[in-house]
Amino acid sequence: MAGRNTSGRTELDCGGSRASVPLPRVVISAIVFVAVAVVVATALGSGPFAAVTPGAVLDSSESDGPSPTVEASEQGTVTIEYRTESGSSDRLVVDDVDPRLIDARAGWVVVDRSLLPPALETAAGDPESGIVTVGDKALVGNLSVSSRDAGNATVTVVVPAGMDADSQLKSYFLAEFVSPYDLGPHGTDATIVLAPDALPHRGATYADGTAYVTVPQFWDGHVGSVWLHEYVHLRQGYDAETEMVWFTEASAEYLSYRIMAEQYEEVTDDDVRSRLESLPEHPDATLSEPLTWNGESVDYTRGPRLLYAVDAAVRDGSDGEYTLFDVFRAMNELDDPVTVEEFRSLVEEHSGEEEPWIEDAITDPGPMDQYREYDELFSES
């Protein structure tokens, strides 16, 4: 574990008060100053850290796409003017747009994707063109875009103009935090869009490699990060049988906590355990049977509590050589949908031990404390 840096301090924005804290581990080890100027950004939401020198940005050229401009009336009618492939001008008029999805002054709007004309739909694959699609929505207009290499993937962050966030800083920290982890599949392009909070979720991910978040802050001030949660979703390339559907949200939640604990010095394993212990245990629910969840988010609560124990077992059995991240990558390499039996097998391959309790923990109800014999491992590593 790296020692704490008490000289390199900056402001951290976690959606509440600001505090002077050490720079993250990844920044301490990665930033080398060779006659360069320090880039200072202090806007709310530009964190988690507001004084950094970002790494190399992959996108550097302007797009020759439709370059849409957005105007809106007080009645909610939005006019989008854009350039067609032939170079001529055209316009799209959309009535009754939710005012919470419009920023006329900044020049952007969120509209239903189904309304896009072919020229805009075609251009949506390049956010630099001024349009990006996420699920059934399209963000059109004045956008800030930053793409970076993130290990074996490329991460792109899109931020509408006027929002309290910086796309370059967000992509920088996202790339720095996730680059140490080989999650697979290789060559993944992950695009995360900061969207207005009028959208129905704090974050959502889609099969085309796009996601949105409605939380400008990178860190929740405790252990969580919606940005990292959605990024893990974007790296889930496996298929799962119904009995393993719980792993989708459980792994995004738990691994985002683990990344924060391993990459940022202000988050410790004690913090992770505190968060997990605060989650409802749902002892009457069975992870492998969603019908027993009774409408509760058991995959967000009971699931991460189990994965903590699984991760600890892998680290303990392999003397720290492997972790749950390695199991996650192995799942992505499977051709067939993941079953409970296959998951146990992958865990055993990486722990080097027989782990029959894993199947019991997934297929049986009951208290989770019985699966916590490895609790001290993380604090010792």
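Among contacts in the protein between residues at least 6 apart in sequence, what percentage join residues at least 24 apart? The share is 61%, where a contact means heavy atoms within 4.5 Å. The model is predicted, and local features need pLDDT of at least 70, side-chain atom pairs count only at pLDDT 80 or more, and totals for chains, interfaces and linings use all residues. Residues are numbered from 1 along each chain as its sequence is written, and side-chain values use heavy atoms, with hydrogens and water left out.

**Overall make-up**

The secondary structure comprises 11 helices and 16 strands; these are DSSP runs numbered from the N terminus, helices being H or I of at least four residues and strands E of at least two. Of the 381 residues, 54% count as buried, that is, under 20% relative accessible area, with exposed meaning over 50% and partly exposed in between (1.4 Å probe, protein chains only). The protein exposes about 16,800 Å², of which carbon and sulfur atoms supply 45%; the areas come from the Shrake-Rupley method with a 1.4 Å probe.

**Strand β16 and Thr210**

Strand β16 spans residues 210-213 and contains Thr210. Two strands pair if DSSP finds at least two bridges between them. The pairings of β16, and one from the sheet treated below, are as follows.

| Pair | Sense | Bridges |
|---|---|---|
| β14 (residues 188-194) and β16 | parallel | four |
| β15 (residues 203-205) and β16 | antiparallel | three |
| β5 and β6 (residues 78-83) | antiparallel | four |

Thr210 counts as buried because its relative accessible area is 9%. Beyond residues up to four places away in sequence, Thr210 touches Thr133, Val134, Gly135, Thr191, Ala204, Thr205 and Leu234. The side chain of Thr210 also makes a polar contact with the side chain of Asp208 at 2.6 Å; such a contact is a pair of N or O atoms within 3.5 Å, where, within protein, one must be able to donate a hydrogen and the other to accept it, and residues adjacent in sequence count only if both atoms are side-chain atoms.

**The sheet β5-β6-β7**

Three strands form an open antiparallel sheet in the order β5-β6-β7. Its edge strands, β5 (69-72) and β7 (89-94), each pair on one side only. Val70 stands opposite Ile80 in β6. Thr69 lies in β5 and counts as partly exposed because its relative accessible area is 45%. Apart from neighbours within four places in sequence, Thr69 is in contact with Thr79, Ile80 and Glu81. Thr69 and Val140 are 71 residues apart in sequence and 8.0 Å apart in space, C-alpha to C-alpha.

**The nonpolar core**

The largest nonpolar core has 110 residues, and Trp246 and Phe343 have the most contacts inside it. Such a core is a set of buried Ala, Val, Leu, Ile, Met, Phe, Trp, Tyr and Cys residues joined through side-chain atoms within 4.5 Å. Helix α5 (residues 246-263) gives the largest share of this core, 10 residues.
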